[in-house]
Each structure stands twice: as structure tokens, then as C-alpha cells.
Amino acid sequence: MTSLATQALPSQILQTTYDRSELKTRIVHLGFGAFHRGHMALYNELTNETAADKWGICEVNLVGGEDAIEALRQQDHLYTVTEKSDSSLSTRLIRCVTSSLHPTMDGMQAVLEAMCDEDIRIVSLTITEKGYCSDASGELNFNNPFIQGDLEDPQNPKSALGVIVEALRLRRERGLAPFSVLSCDNIPENGHLIGNCVKALSNRIDAELGAWIAQNVSFPSTMVDRIVPAMTPESHAEVTAILGFEDPCGIVCEPFRQWVVEDNFVKGRPQWEQADAMLVGDVLPYEEMKLRMLNGTHSFLAYSGFMAGHETISDCMADEVFAKAARKLMLEEQAPTLRVPDDLEKYADLLLGRFANTSIRHRTWQIAMDGSQKLPQRALDSIRFHISKGNSFVCLATSVAAWMTYVQGKDSKGEANEVVDPLLPEIQSALEGKKTNDEVVDALLSINKIFYPELVAQAVFVDAVKSAYGSIAERGSRAHVQSLIAGE
Ligand code: NAI
Ligand code: CS2
């Protein structure tokens, strides 16, 4: 079969030249999804070209994604990343993946054994926000069914947290040094969050293990940034046209990339700065900047843009009303909450330029997924800031209200739309029998896994959401968003 493993590549495909046989598998990555392929793996690939030490990655999907692991194996663990803007196009071969595993294909014990190899120094993750099994306050949710299962049978874990705890238990038992745990998901203080959850779970399982983990394992935080939309039949066809054959693991993304990593690793790390990663002491200011300005605006556009019939983020940018409202949200409602030295006006313009890239089709529907896991860090934290200062926050209230409209499962034309969210059952049961606008808002605000009770106790918050929700219901999403920028 023609594949990356057997076929010479067209001459324009960028390739490193290091000897793959020098790769040492030192990283196990959980979450071989689109993002990791176009981000961390690429940084690692570029680093290997110049660094003496060549770090290889063992790729694992714990939930779904068997097809990607199977395809990766079929092509000698090679795949391509295509970077596209409206004026540039380049494709690179990624050569630093050395192996792959999936619990349903290879057994969970094989995954755990790979994590217990003495060469492993880092276990990294891109498992989506819901993979952390935490509640809105960042604490481990012991009622999560995956966590309950792991507590009942810790040696046969199902959650990513349980897998990490069990691998660390085995390493300790075998007298091996631990690894660092590197979260690359879009969560504020992602290192702190996963550290907190891993320690909480391990303490429940075995207090001595919990103490050993607290003392010996590091959980560096990261700010990760690159827009990597889910692949579609069209983007797969683009990759096929570039290569002359299929690369089922190939991805297409924007050219921009940024990675800020807290330099706190217990057993070393690759020299990722050689690929332009920033290794710093404190990541939080960068994380907050990116999460609120980029992701906060993404979610605003996803819900209000989808409800106005816009299919992609670049479609929203082509609509002056949404482009102006996005800039207003960034500069007037997100930037003031931040404490970074960066020029935030310049940053906003950079983001709006990236959002306008029509050559990648980043669907509003995709970003709208898992809203219950995203709203707190993308909108609610900033709302709390504004309430404490007595400021208004009409755009942020619109994000929340537009989400409330979206989760009712209808698109802009009133046709059925699939809502994907781990809290969908709670959302649907809260909505049952609610008729008036205010009943709907009150019902959704009562879901305290999303909305902190102390926030819901603030009349100014509830009133702002009700006002935005009522306005969307009465005049439609686009006209409501237009009212936000009226007078500009
Ligand atoms: P994807 O849908 O392509 O991949 C999701 C990955 O998460 C899969 O590998 C899957 O196995 C794993 N996963 C899902 N639920 C899980 C669970 N409960 N436990 C363990 N693993 C689980 O999504 P993609 O694009 O790779 O994004 C993943 C995450 O990366 C996002 O949620 C976000 O936090 C972060 N990210 C994504 C960016 C993007 O543009 N796609 C950019 C920046 C960050
Ligand atoms: C998006 C992000 O899907 C989403 O929720 O907001 O994945 C976004 O594309 C990235 O964070 C960009 O770095």
C-alpha cells in the first residue's frame, strides 16, 4: 500500500535530516489528537534536528482514536503537518514518533508498562478539558464515574489521572525515578490543576503514594497556542493532493504557533527553546492572556456566531458586526483583567488576523463543544473581575447568554443541532419545562458545576445575563451583537 512508510515525498515537503535510529523514547503522550500533532510533536521534531539528544514520543489515545493509532502504525509512525494561511502553504514530515499504544488494542497494562520504562522522563497530555475530571473550582470531582471506577480498581485505571497515578505507583514500587507530568490543555494553571487532581486521587488510593508524588513529581504549567481545526474530508483531500497519496494522520493548521512552558522538570526535558518555545518561571500571565483574549473571544464568536448562521470563525470575521464586537470584547472586557507587560492592542490585532484566515475552516460548532468546561475560564473569571470593579461586561454576558441559547439544540434556522457536552444530561434536565426567558436563565445558572454559587448570588451578574438572553431571544443573535457595538 502506498503510504508515508513506503513512498518518496515530493521535493517541497520539509523534512529533518537527523537519524531516526538515534531517537530515544523519553515521552509518553496521552492524546494523539489534532492539536498535539500540530503543536508539541512539531516543536519536538524541530528540536531533534539541532539538539544532540533526540527525544522520541510514544503516542497513546486513552479514549477513542483507535483509527489514528492504527493508521500511524501502518505508516511507520510518520505523519505530516500542513501549515496554511491565505498567502502561504508548507508541509512538514514529523519523524519523532517512535511508538504508539491504545488500551483497547494493546491492553491497559501495556500502556502502564510503557509509562514505567526507565527512559521515560515526561508524560504529557492533550486530553481536552473534560479529561481532568475536575469541577469548576479546579478540584477533583470524586463523583465522576471514571474517578469512582479508578478508586474501586486503581490497578486497572480508566481515567488519564488514574493511569498517571498507577504508573507512578509502579515506578515507585520498582525503585524508578518518577516523570514530570506536562499538561498541554487550554486550562488556566493547567500544571497546578493536574497536580492537584493527581495528588487528590493518589491520596485517596494510598496516602504514602500521595506523599511521594507530592514530593517527587513536577507538574509544569504551559500556555499552548496554535489553531488546529478538526480534519474534514476536504482537508484530508488537500493533504492527499499535496503528497500524492493519503496521510490519514495528517493535519492542516495555521502557521502561527506559541508555547510557553514552566521550566520545572524532574528528569530533564528536550531543548524545546531551539524550536522557539519559551521556557519561563511563571506561565500564568501568558495563560490568562491567551485564554481570555483568544479562547474567550473564540467562545463568544462560536455561540453568537453559530446562532447567527456563521459556520466558521473566518465567516464571523468577514461580518463587520462580529469582527468589531470581537475586538471590543478583547480590548474592553478581557484586556483590563490581565496583568501582562505585552501590548494587548497589538496582541488583539494579531488574533483578529489569525481568526480571519479563510484557508483553514475552523467551525464555530467545533469550538462550541464542551462549553460547560470552557465558560468558567473564558468568561466567568473576567466577569468576576468586572463585578469587583463595578464595570459593565455586556460582551461577556453575551457569551454566557449565547451559550444558553446554543445548548437548547437548535441552529439559527430552528433546525435540530447536536450539542456535544459532558454535562448535557444536567443541562437538558435543568431546561425541562422551562418556558420564559428568565426561567431558562435561572435554570441554567443553577448548574453549580459551571456557575459558581457566589457569582450567581450577584444580582448584577444574573441581570446582565438575563438582559443579553432576552435581547438575543427578541431580535436574534446578530442584531443583539450589533447592539453591543452601536455608537462605535
Ligand atoms: P481532538 O478531538 O483531535 O483530540 C482529543 C484527544 O483527547 C484525543 O486524543 C482523545 O483520545 C483525548 N481524550 C478525549 N477525552 C478524553 C478523556 N476523557 N480522557 C483522556 N483522553 C481523552 O482534539 P484536539 O484538537 O487535539 O484538542 C485537544 C485539546 O487540546 C483541546 O481540548 C484543548 O485543550 C487543547 N488545544 C487545542 C487546540 C486546537 O486548536 N485544536 C489549540 C490549543 C489547545
Ligand atoms: C478553541 C481552541 O476549540 C476551542 O475551544 O478555542 O482550541 C483554540 O483554537 C486554540 O486554543 C488556539 O490555540
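This is a predicted model: local features need pLDDT of at least 70, side-chain atom pairs count only at pLDDT 80 or more; totals for chains, interfaces and linings use all residues.
Asp 185, Asn 186, Ile 187, Asn 190, Thr 222, Met 223, Val 224, Glu 287, Lys 290 and Leu 291 line the second largest cavity. Two elements, β8 (222-225) and α11 (284-306), each give two or more residues to the lining of this cavity. A cavity is a set of points, on a 1 Å grid over the protein atoms alone, where a 1.4 Å probe fits but cannot get out, while a pocket is an open set with protein on both sides within 12 Å along at least five of seven lines; lining residues have an atom within 4 Å of a point.

Before you go on, here is how to read the model. Residues are numbered from 1 along each chain as its sequence is written, with chains lettered from A and ligands numbered from 1 in the order in which they are written.

By class, four residues of its lining are nonpolar, three polar and three charged. Ala, Val, Leu, Ile, Met, Phe, Trp, Tyr, Cys and Pro count as nonpolar, Asp, Glu, Lys and Arg as charged, and the others, Gly among them, as polar.

How many cavities of 30 Å³ or more does a search of the whole structure find? The search finds three. The largest cavity has about 60 Å³ of space, and among the residues that line it are Ile 227, His 298, Phe 355 and His 362. Both α12 (313-318) and α14 (344-355) supply at least two residues of this lining. The lining of the largest cavity counts four nonpolar, five polar and one charged residues.

Helix α10 (residues 233-243) gives the most to the lining, with three residues. By class, the lining of the second largest pocket has five nonpolar, three polar and six charged residues.

Let us turn to the sheets. Helices (H or I, at least four residues) and strands (E, at least two) are DSSP runs, numbered from the N terminus, and two strands pair if DSSP finds at least two bridges between them. Five strands form an open sheet with parallel pairing, in the order β5-β2-β1-β6-β7. Its edge strands, β5 (97-101) and β7 (180-183), each pair on one side only. Strand β2 (residues 55-60) pairs with β5 in the parallel sense over four bridges, and Glu 59 stands opposite Ser 100 in β5.

Helices lie across this sheet too. Helix α3 (residues 66-74) lies across β2 and β5, at about 140° to β5, and helix α7 (residues 160-173) lies across β1 (24-30), β6 (122-125) and β7, at about 175° to β6. Such angles run from 0 to 180 degrees between N-to-C directions, and axes are lines fitted to C-alpha atoms, for helices over the stretch in contact.

Another open sheet has three strands in the order β4-β3-β9, with mixed pairing. At its edges are β4 (89-94) and β9 (251-253), each pairing on one side only. What joins β3 to β4? A hairpin does, through four residues. Six bridges join these two strands, which run antiparallel. Three bridges join strand β3 (residues 79-84) to β9, and this pair runs parallel. In β9, Ile 251 is the bridge partner of Val 81. Helix α2 (residues 40-50) lies across β3 and β4, running at about 75° to β4.

We finish with two helices. The axes of α6 (residues 145-152) and α8 (residues 190-205) come within 10 Å and cross at roughly 35°. Contact (heavy atoms within 4.5 Å) is made by Ile 147, Asp 150 and Leu 151 of α6 and by Leu 201, Arg 204 and Ile 205 of α8. This contact has four nonpolar, no polar and two charged residues.

Note on methods:
Side-chain values use heavy atoms; hydrogens and water are left out. Grid points are joined across faces, edges and corners, and a volume is the space filled by probe spheres set on the points.
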